[in-house]
Amino acid sequence: MAVYIQFLTDALSLGSLYALMALGLVIVYGILKLVNFAYGELIMVAGYTLFLLGGTPFPWLAMAGVAIIMAILTGIATEYVAFRPVRSKSVTAVLITSFAFSTLLQNAALLFISPRARTVPLPEIFSDTINLGGAIIPLRNILTIVVAVIMLGIFTYIMKKTVLGLAMRAAATKFTMARMLGIPANLVITSAFAISGLLAGVVSLFWFGRIGSVVPGIGLEPLLVAFIATVIGGMRSLQGAVVGGFLLALIVTSFNYFLPPELLKFRDAFTFSLVILILLWRPDGLIKGPATGQRT
């Protein structure tokens with residue numbers, strides 16, 4: 001019984017992070033029809049913010065708040081620097097500027113901080129454990145699940161009950177028509193990048209709670225995870241992003257638990273093979289999003 005409880009909490013906590021990361025990626029894709037390849041660097045920025053504030057007398061919650069704000073500001077800066085000047089041009093131009101902004105942030109970390117891993121300050125609660133049905137569960141896993149449920153609830157409310165959410169959903173469905181009806185395009189797009197940064201900032205707290213350190217290239221893995229999860233769930237579906245995140249986490253956790261030790265080093269190969277099978281069965285993802293108009 002303890003093994004099943006451990007497995008369930010591990011899968012749910014990892015799935016919570018994957019789902020939030022996938023949402024942060026798909027909310028921008030839904031409007032612009034473009035993948036933000038600088039998305040992983042939002043997590044890097046939040047990590048280095050925590051590191052730089054580690055020697056200050058501020059309480060950890062205050063440092064976490066500043067880290068999230070920095071992720072939001074970086075997300076907005078991504079839109080202003082990498083997307084807005086060229087988003088009406090070719091897709092290639094936007095992709096190149098997105099990659100360029102990602103590389104710029106990584107090299108800034110290399111130049112002004114350090115190429116070596118730096119320890120991120122974490123509160124004691126992240127290292128505490130609890131006994132749940134005989135299973136020793138890290139308390140950070142429980143916190144991850146609780147925070148993710150709260151964030152998903154807030155996100156759902158914003159998207160379904162607020163004017164901003166309705167405008168973003170309209171823009172994702174038919175951007176040109178939404179602009180003709182008076183929806184401010186720049187505000188909607190900037191808001192999408194800000195929400196993406198918020199989700200990345202929250203994820204970063206628990207992501208670094210697992211690994212404990214930050215390096216300039218730390219954003220690559222979250223970007224790949226978010227991209228794979230959105231592809232599995234459906235690139236145009238917010239619900240699909242959540243489903244894809246939890247499904248990917250279930251696959252990864254299952255292989256961690258049930259693969260023989262000698263095969264664990266091939267875990268990624270097994271994971272991608274299963275992802276390919278899912279896409280052969282559902283090429284558009286598990287949940288099909290709304291029909292979309294032209295990208296702007």
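# Buried charge and crossing helices

User: At its relative accessibility, does Glu-79 count as buried or exposed?
Analyst: The relative accessibility of Glu-79 in this predicted model is 0%. The cut-off for buried is under 20%. Glu-79 therefore counts as buried.

User: Which helix holds Glu-79?
Analyst: Glu-79 sits in a helix that spans residues 60–83. That helix is H3.

User: Which side chain meets Glu-79 in a salt bridge?
Analyst: A salt bridge needs a side-chain nitrogen of Lys or Arg within 4 Å of a carboxyl oxygen. The N to O distance here is 3.1 Å. The partner of Glu-79 is Arg-84.

User: Which side chain does a polar contact of 3.2 Å join to that of Glu-79?
Analyst: Beyond four places in sequence, Glu-79 is in contact with Arg-84, Pro-85, Arg-87, Ile-189, Thr-190 and Phe-193. One of these also makes a side-chain polar contact with Glu-79, at 3.2 Å. That residue is Thr-190.

User: How many salt bridges does a search of the whole structure find?
Analyst: Glu-79 and Arg-84 form one. Asp-268 and Arg-267 form another, at 3.7 Å from N to O. The search of the whole structure gives 2.

User: Are Asp-268 and Arg-267 buried or partly exposed?
Analyst: Asp-268 has 45% relative accessibility. Arg-267 has a relative accessible area of 28%.

User: Where is Lys-33 placed?
Analyst: Helix H1 covers 2–32. Helix H2 covers 39–52. Lys-33 is in the loop between H1 and H2.

User: Why does Lys-33 count as buried, and at what relative accessibility?
Analyst: The cut-off for buried is under 20%. Lys-33 falls under that cut-off, so it counts as buried, at 16%.

User: How far away is the nearest side chain of opposite charge to Lys-33?
Analyst: Side chains of opposite charge can pair when their charged atoms come close. Lys-33 is buried yet has no salt bridge. The nearest side chain of opposite charge is that of Glu-79, at 14 Å.

User: Which residue's backbone oxygen does the side chain of Lys-33 reach?
Analyst: Phi of Lys-33 is near 60°, a positive value in a residue other than glycine. The side chain of Lys-33 reaches a backbone oxygen at 2.6 Å. That oxygen belongs to Gly-30.

User: At what angle do H1 and H9 cross?
Analyst: Helix H9 covers residues 220–233, and its axis comes within 8 Å of that of H1. The crossing is at roughly 80°. That value makes H1 and H9 roughly perpendicular.

User: Which residues of H1 meet H9?
Analyst: The H9 side of this meeting is Pro-222, Leu-223, Val-225, Ala-226, Phe-227, Ala-229 and Thr-230. The H1 side is Tyr-18, Met-21, Ala-22, Leu-25 and Val-26.

User: How are H5 and H6 oriented, parallel or perpendicular?
Analyst: H5 (residues 139–161) and H6 (residues 163–173) pack with their axes 5 Å apart, at an angle of about 75°. Angles of 65 to 115 degrees count as roughly perpendicular. H5 is therefore, relative to H6, roughly perpendicular.

User: Which residues of H6 make the contact with H5?
Analyst: H5 contributes Ile-158, Met-159, Lys-160 and Lys-161. H6 contributes Val-163, Gly-165, Leu-166, Met-168 and Arg-169.

User: How far apart in space are Gly-47 and Leu-205, C-alpha to C-alpha?
Analyst: Gly-47 is in helix H2 and is buried at 0% relative accessibility. Beyond four places in sequence, Gly-47 touches Val-120, Phe-208 and Val-214. Leu-205 is 158 residues away in sequence, yet the C-alpha distance is 7.7 Å.

User: How far apart in space are Ala-109 and Gly-217, C-alpha to C-alpha?
Analyst: Ala-109 lies in helix H4 and is buried at 6%. Met-44, Tyr-48, Ser-114 and Pro-216 touch Ala-109, with residues up to four places away not counted. Gly-217 is 108 residues away in sequence, and the C-alpha distance is 9.2 Å.

Definitions and conventions. Residues are numbered from 1 along each chain as its sequence is written. This is a predicted model: local features need pLDDT of at least 70, side-chain atom pairs count only at pLDDT 80 or more; totals for chains, interfaces and linings use all residues. Side-chain values use heavy atoms; hydrogens and water are left out. Helices (H or I, at least four residues) and strands (E, at least two) are DSSP runs, numbered from the N terminus. Buried means under 20% relative accessible area, exposed over 50%, partly exposed in between (1.4 Å probe, protein chains only). Lys and Arg count as positive and Asp and Glu as negative; His and the chain ends are not counted. A polar contact is a pair of N or O atoms within 3.5 Å; within protein, one must be able to donate a hydrogen and the other to accept it, and residues adjacent in sequence count only if both atoms are side-chain atoms. Axes are lines fitted to C-alpha atoms, for helices over the stretch in contact, and angles run from 0 to 180 degrees between N-to-C directions. Angles under 35 degrees count as roughly parallel, over 145 as roughly antiparallel, 65 to 115 as roughly perpendicular and the rest as oblique. Contact means heavy atoms within 4.5 Å.
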